[in-house]
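Please open the model in a viewer and keep the selection tool at hand.

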Amino acid sequence: MRILIVNVNTTEAITQAIAREAQAVAAPGTEIIGLTPYFGADSVEGNFESYLAAIAVMDRVLAYDGPYDAVIQAGYGEHGREGLQELLKVPVVDITDAAASTAMYLGHAYSVVTTLDRTVPLIEDRLKLSGLYDRCASVRASGMAVLELEEQPERALEAIVRQAELAVREDKAEVICLGCGGMAGLDEQIRQRTGVPVVDGVSAAVKMAESLVQLGLSTSKSRTYATPRTKRIIGWPAHFGR
């Protein structure tokens, strides 16, 4: 089985870190291919960058010329998953949905700990759109920018733990979701510090994608995510229809 995992930003080091974590939890025989968009922002922390990333991720997947069995969009709260589902016949899993749906098996309410405060509304909106918000106790910001997760890992960990502890104590969260693909691999350390289950969206998405492939399931094409109608597309960035 081959799974493409697509970073939403253009920072190659983050792509590599996400792919490593994904491969670490993948089943024997599953190959993880990490993809970085050809264009876009070096971190995605707002609506403009998120909409740009949606186009860039679709473009990057369409440009991949090898076989694959599933695609993971590795952006938390970002736009674009629905477009991929229209374009592709294989399962598409977003790490936001994968983390929240997994958390709902583990406790009554979950909280998300993310990066900057400006990303909180994007995550809330994504969870609402996916029908996963009712059991969300809170979405908390660590105050750390995406790139600072790589540049200042110890400070980032402490900031995330601080908000996770507050989510458990004040918001009554029973599970914590890590609200950024760049947080992949921090789940065990945060679980030890908070005493509650911690869900890394990258890991959850890999296991979800594997399960869908093994069950022979993919996105329904009967209505909402039907293949786009054939029409003239002008000025697509690179690879649409090639």
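Select L178 and D200: the latter, in β8, is the bridge partner of L178. The model is predicted, so that local features require pLDDT of at least 70 and side-chain atom pairs pLDDT 80 or more, while totals for chains, interfaces and linings use all residues. Residues are numbered from 1 along each chain as its sequence is written, and side-chain values use heavy atoms, without hydrogens and water.

Helices (H or I, at least four residues) and strands (E, at least two) are DSSP runs, numbered from the N terminus.

Next, display the whole open sheet of 4 strands, ordered β6-β5-β7-β8 with parallel pairing. At its edges, β6 (136–141) and β8 (198–200) each pair on one side only. The twist from one strand to the next averages 20°, with axes fitted to C-alpha atoms (for helices, over the stretch in contact) and angles taken from 0 to 180 degrees between N-to-C directions.

Finally, select I72, Y110, L127 and I190, which touch the most other members of the 55-residue largest nonpolar core. Such a core comprises buried Ala, Val, Leu, Ile, Met, Phe, Trp, Tyr and Cys residues joined through side-chain atoms within 4.5 Å, buried meaning under 20% relative accessible area (1.4 Å probe, protein chains only). Helix α7 (residues 153–170) supplies the largest share, 7 residues.

Key:
Buried means under 20% relative accessible area, exposed over 50%, partly exposed in between (1.4 Å probe, protein chains only). Two strands pair if DSSP finds at least two bridges between them.
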